[in-house]
Amino acid sequence: MRNPQLNERGELRHLLTLDGLPHEVILHILDTAASFVGITERDVKKVPLLRGKSVFNLFFENSTRTRTTFEIAAKRLSADVINLNINTSSAAKGESLLDTIDNLSAMHADMFVVRHASSGAPHLIARHVKEHPYLHVVNAGDGRHAHPTQGLLDLYTIRHYKQDFTKLSVAVVGDVLHSRVARSLIHGLTTMGTPDVRVIGPRTLLPRGVEQLGVRVFHDMAEGLRGCDAIVMLRLQNERMKGPLLPSAQEYFKSYGLTLEKLALAKPDAIVMHPGPMNRGVEIDSAVADGPRSVILPQVTFGIAVRMAVMAILAGN
Ligand code: CP
């Protein structure tokens, strides 16, 4: 069956998930992003690749990094950017998601960047707009399902600091169960040939059968971190938890919070990542988050180039 994200020529039509996205497509996005990093460091940070195109940011769920970096990325590609304020839009009066999409399509939208609390919402939109061949949908995070551009910027960051995916041990730590970021990164890492992807967390926060994604499972933080090249810390996503899954945030920090002592178990040059937002003192100690091994803020900066690459490739440039 054809990947619904690709058109009949095998080109990227939508970006909905990294699950099943071919190695060469991911590599093309990462290489294209590398070419955009230089632009983001110039005095004049604009290229005309999306001139005349309209990018609609539709964030039905809160965001700081993703929404802002998509806006910056689209503007650097010279697109017109429309940020729909969901709270003051007619969605608040009961208009359905697909009616909103139909109305924005009638305004000649070229791209929808969608964040939604419901897993599958961007897929639904992509199916709905299939009669508009030049309209693209980018998933900016749907429920606990996928966050492909975060996965890509995480891959970009890992490649930037560690070069070769095929020689790495990467640990993803914490609330994997509710994390779209973890799912996207795991799919991306395994597609890129990372031989040792580990998930570390309490049983209550790891999905049943997670091994089937090609990862090794650890419940003991010290054991799981030993010899790692990169550590990706995850936030406890309380807003998605049904009932209490942990005794307390303090207990969690004691077992799974990343401190300097625990970091010392990884390789001496291991990098520390976090998609944000961070909860200091819950999953990560400030001494680590602000320390020399942290690449948390570079992740955000790379996110601009990665999102530029995704939009430029979708638009055929
Ligand atoms: N990483 C991430 O998705 O952050 P935001 O929720 O702030 O966009």
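Student: Is Ser78 buried or exposed?
Tutor: Ser78 counts as buried, because its relative accessibility is 18% and buried means under 20%. Keep in mind that this is a predicted model.

Student: OK, and where does Ser78 lie?
Tutor: You'll find Ser78 in the loop between helix 2 (65–76) and strand 2.

Student: What about its phi?
Tutor: Ser78 has a positive phi, about 75°, although it is not a glycine.

Student: Gln163 has a positive phi too, about what value?
Tutor: For Gln163 phi is about 65°, and Gln163 is not a glycine either. That residue sits in the loop between helix 5 (148–162) and strand 5 (169–173).

Student: Buried or exposed, that Gln163?
Tutor: Gln163 counts as exposed, because its relative accessibility is 55% and exposed means over 50%.

Student: Switching to the sheet: what's the strand order in the open sheet of 4 strands?
Tutor: The order is 2-1-3-4, and the pairing is parallel.

Student: Which strands stand at the edges, then?
Tutor: Strand 2 (80–84) and strand 4 (136–142) do. Each has a single partner strand, so one side of each is left without a neighbour in the sheet.

Student: And what does the twist average from one strand to the next?
Tutor: The twist averages 15° from one strand to the next.

Student: How many bridges join strand 1 to strand 3?
Tutor: There are 5 bridges between strand 1 (residues 54–59) and strand 3 (residues 111–116), and the two run parallel. On the residue level, Val55 has Met111 as its bridge partner in strand 3, while Asn57 stands opposite Val113.

Student: What about the strand 4 side of strand 3, how many bridges there?
Tutor: Strand 3 and strand 4 pair over 5 bridges, in the parallel sense. Phe112, for instance, stands opposite Val137 in strand 4.

Student: How many residues of strand 3 are buried?
Tutor: 6 of its 6 residues are buried. Both faces are covered: one side has Met111, Val113 and Arg115, and the other has Phe112, Val114 and His116.

Student: New topic: which residues does the cis peptide bond join?
Tutor: A cis peptide bond joins Gly276 and Pro277, with omega about -5°.

Student: Where is Pro277 found?
Tutor: Pro277 is in the loop between strand 9 (271–273) and helix 10 (286–289).

Technical notes: Residues numbered from 1 in each chain as written. Predicted model: local features only at pLDDT ≥ 70, side-chain atom pairs only at ≥ 80, totals over all residues. Heavy atoms only, no water. Pairing = 2+ DSSP bridges. Axes fitted to C-alpha atoms, helices over the stretch in contact; angles between N-to-C directions. Buried < 20%, exposed > 50% of the residue type's maximum accessible area, 1.4 Å probe, protein only.
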